[in-house]
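Please keep the sequence and the model in view while reading.

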Amino acid sequence: MAETGGGGGVREVKSAARTVELLELLAARGDRPARLQELADELDVPRSSMYALLQTLISRGWVRTDVTGSLYGIGIHALLTGTSYLDSDPHVRLVRPYLDEASEALGETIHLGRLDGRGVAYLATRESHEYLRTISRVGRRLPAHVGALGKALLAERPDEELPEGPYEALTPHSHTGRESLLADLAEVRVRGYSVDREEGVLGIVGFGFALRYDTPAQDAVSCSVPVARLTSEHEERIVAVMREIRAKIEATAPGSGGAADWR
């Protein structure tokens, strides 16, 4: 069994790692259920072992199956656990009212995200009444290099931590090379916030602001606006309001105060 990187020599539990890998794979597939053989092949697990693991997780609500028993997807207990994460996180509770304030002031979509490896997980969103998404981003993940949230957080870290490319392109405007992304992050540091001009979603511009109550920052807030509504005056107002929102959040963020210091 392989040793973990940060557990002081504690060995990885193979069965637990396989369970987590399976749940992450099912979650990543979204609305595309998988067949038994697909999952066994993807995780390089014997078909019989995968079937037994799936049946165990189905019985506990972590995986669901269709009426034929041949298709598998993520179960409702994943939602319940994710909701518990959001409800128990002190920074999410702290930031939520300020998302409301920014949304009311700007009339645009406001996000809170957290760096998760090479991606950003969306923890809270206030949608614009002018631009309604059919699917909420909360609980979803976007590569850090293509969005305002991710670039704001990458800019808080040394350049040498940035992995080598090429990077995935979500639109024709996405960074795919390390050098172009490094140049963008240098501008973020000078400017104090990131700008995503249709790099993650065509037709949408985002402005990201790292929240420095952690060092390096783990969380960021952003404002997203359709290109059709983005004038130079509106952009200036977005930046001014979001700077103020960031300052308010950082000023009210509590110290550990005996609470758990989550990592």
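Val195 has Phe207 of strand 8 as its bridge partner, and this pair belongs to the antiparallel pairing of strand 7 (residues 194–197) with strand 8 (residues 204–211), which are joined by four bridges. Strands here are DSSP runs of E with at least two residues, helices are runs of H or I with at least four, and both are numbered from the N terminus; two strands pair if DSSP finds at least two bridges between them. Six residues lie between the strands of this hairpin, in which Glu198 takes a positive phi near 60°.

The model is predicted, so local features need pLDDT of at least 70 and side-chain atom pairs count only at pLDDT 80 or more, whereas totals for chains, interfaces and linings use all residues. Residues are numbered from 1 along each chain as its sequence is written, and side-chain values use heavy atoms, with hydrogens and water left out.

An open sheet is formed by three strands in the order 1-3-2, with antiparallel pairing. Strand 1 (34–35) and strand 2 (63–65) are at the edges with a single partner strand each, so one side of each has no neighbour in the sheet.

| Strands | Bridges |
|---|---|
| strand 1 and strand 3 (residues 71–74) | two bridges |
| strand 7 and strand 8 | four bridges |

In the pairing of strand 1 with strand 3, Ala34 stands opposite Tyr72.
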